Amino acid sequence: MADIQGTYDDLFPAVPNLLARLLDEGDAGGSVAVFVGGEPVVDVWGGYADAARTVPWQRDTITNVWSVTKTMTALTALTLTERELLDPDAEVARYWPEFGAKDVLVRHVLSHTAGLPDWPGTVEELYDWDAATARLAGLTPQWEPGTEAGYHSLTQGYLVGELVRRITGVPLGDYFATEIAGPLGADFHIGLAAEHDHRVAASVPPEGETEEYAASAPGSGSGNTDAAETAPDTSTPPAPTPVRVRHGNSLSWRRSQIPAASGFGNARSVALVQSRRLTGPVLDLARRTQFTGEDRLLGMPVQYGLGYGLFGNTLGWGGWGGSLVLVDPDAGMTVAYVTNQMRRPGDDNRGLEMVTAAYEGLGH
């Protein structure tokens, strides 16, 4: 059995055992954290930080969690709402005067109902914040905002991020670091400095694929609907702008603030932030249902709150390749699973299995 490092409460052996099984089955590496009542009851890791299986995954190893980053971006925006600096019912243009679609509200942007799901440029153009946001400000919504949902896989981060920048005067990643991650001591970064490069576990493509592997187009039907009940495969956009593994593993991607998809952390940092800050008024805001129905891009039923997917009494989101965070406020539990080992959406139930294993601990 794979060697699992870290600590866990005696009630939660199913979680490290599952991580060991996944590594034995061929996964490169990963980490899992379970917090109950804001305190860690599981904090484990194992495997390798590289595809060649030569660099062990360490306590401080971090990796790109892809769209799990959206939960950090949403939390940043909701923190501004809690501080009465951002009104979800206001027009985006109130804070961003150059934004042309005057009928798009802040809550539309947070709930994937703004009608601006497609990034119209290249991946490389994502690295220029000012140019990217200026381009988005000139777009016309594809549907009447608020009436339909279509997963804003890349654009949501820039739309929310520019709102944060306009209000605070600093980039979203900087504000997140100062106001959320920093005070908690959470090792999560939106825009990664070079000093952390040695700790990064690069994303490993699914078996048989190379770094040219790209996310399947939303709505293509390739997702696993069972896993999606808890953590939908939050794929990046269809052609002509496919995001490939090599993009996510590049230095340009790391250095850029792409608030929908370029967050770097581990399970401990993800669970720490979400368990400690997704509480009180911020939690109430996140759980405010904005849309229930079929997502026209994902091609599956969804329920969106303000920045989070809602799944019954739980909320959270998953990332391309398998990482996930799920919060159960009623049970006081947060589960985070972070991995560098990508799998094809139809073959990936790992996040759902991790959540199930965590619930076993609560059942004792």
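Modeller: A helix here is a DSSP run of H or I with at least four residues, a strand is a run of E with at least two, and both are numbered from the N terminus. Leu172 sits in helix α7, which covers residues 172–184. This is a predicted model, where local features need pLDDT of at least 70 and side-chain atom pairs count only at pLDDT 80 or more, while totals for chains, interfaces and linings use all residues. Residues are numbered from 1 along each chain as its sequence is written, and side-chain values use heavy atoms, with hydrogens and water left out.

Colleague: How many helices and strands does the protein have?

Modeller: There are 13 helices and 13 strands.

Colleague: Why is Leu172 called buried?

Modeller: Buried means under 20% relative accessible area, exposed means over 50%, and partly exposed lies in between (1.4 Å probe, protein chains only). Leu172 has a relative accessible area of 1%, so it is buried. In the protein, buried residues make up 60% of the 364.

Colleague: Which residues does Leu172 touch?

Modeller: A contact means heavy atoms within 4.5 Å. Leaving out residues up to four places away in sequence, Leu172 touches Thr73, Thr76, Val160, Gly161, Val164, Ile190, Gln257 and Pro259. Thr73 is 99 residues from Leu172 along the chain, yet their C-alpha atoms are separated by 7.6 Å. Among the protein's contacts between residues at least 6 apart in sequence, 71% join residues at least 24 apart.

Colleague: And Thr69: buried or exposed?

Modeller: Thr69 has 0% relative accessibility, so it counts as buried. It lies in helix α2, residues 69–82. With residues up to four places away set aside, the contacts of Thr69 include Phe188, Ile190, Ile258 and Pro259.

Colleague: What makes helix α11 largely enclosed?

Modeller: Ten of the eleven residues of α11 (residues 267–277) are buried, so the rest of the structure largely encloses this helix. Among the buried ones are Arg268, Val270, Leu272 and Arg277.

Colleague: How do you know that Arg21 and Glu25 form a salt bridge?

Modeller: A salt bridge needs a side-chain nitrogen of Lys or Arg within 4 Å of a carboxyl oxygen of Asp or Glu. The closest N and O atoms of Arg21 and Glu25 are 2.7 Å apart, so the pair qualifies. Arg21 is partly exposed at 37% relative accessibility. By this rule the count is 21 salt bridges.

Colleague: What separates Arg166 and Glu162 in helix α6?

Modeller: They are four residues apart in α6 (residues 155–168), so about one helical turn lies between them. An α-helix has 3.6 residues a turn, so residues three or four places apart point the same way. Arg166 and Glu162 also form a salt bridge, with closest N and O atoms 2.6 Å apart. Arg166 is partly exposed at 31%, whereas Glu162 is buried at 1%.

Colleague: Which parts does the pair Glu212 and Arg246 tie together?

Modeller: Their side chains meet in a salt bridge at 2.6 Å, N to O. Glu212 lies in the loop between β6 (200–201) and α8 (225–228), and Arg246 in helix α9 (residues 245–248), so the pair ties together parts 34 residues apart in sequence. Glu212 is partly exposed at 39%, and Arg246 is partly exposed at 35%. Elsewhere, salt bridges that share partners join Arg21, Glu25, Asp27, Arg343, Asp348, Arg350 and Glu353 into one network.

Colleague: What is the phi of Arg53?

Modeller: Most residues other than glycine have a negative phi. Arg53 is not a glycine, but its phi is positive, about 60 degrees. It lies in the loop between β3 (39–47) and β4 (62–64). At 30% relative accessibility, Arg53 is partly exposed.

Colleague: And where is His112?

Modeller: His112 is in the loop between α4 (106–110) and α5 (129–137). Its phi is also positive, near 60 degrees. At 3% relative accessibility, His112 is buried.
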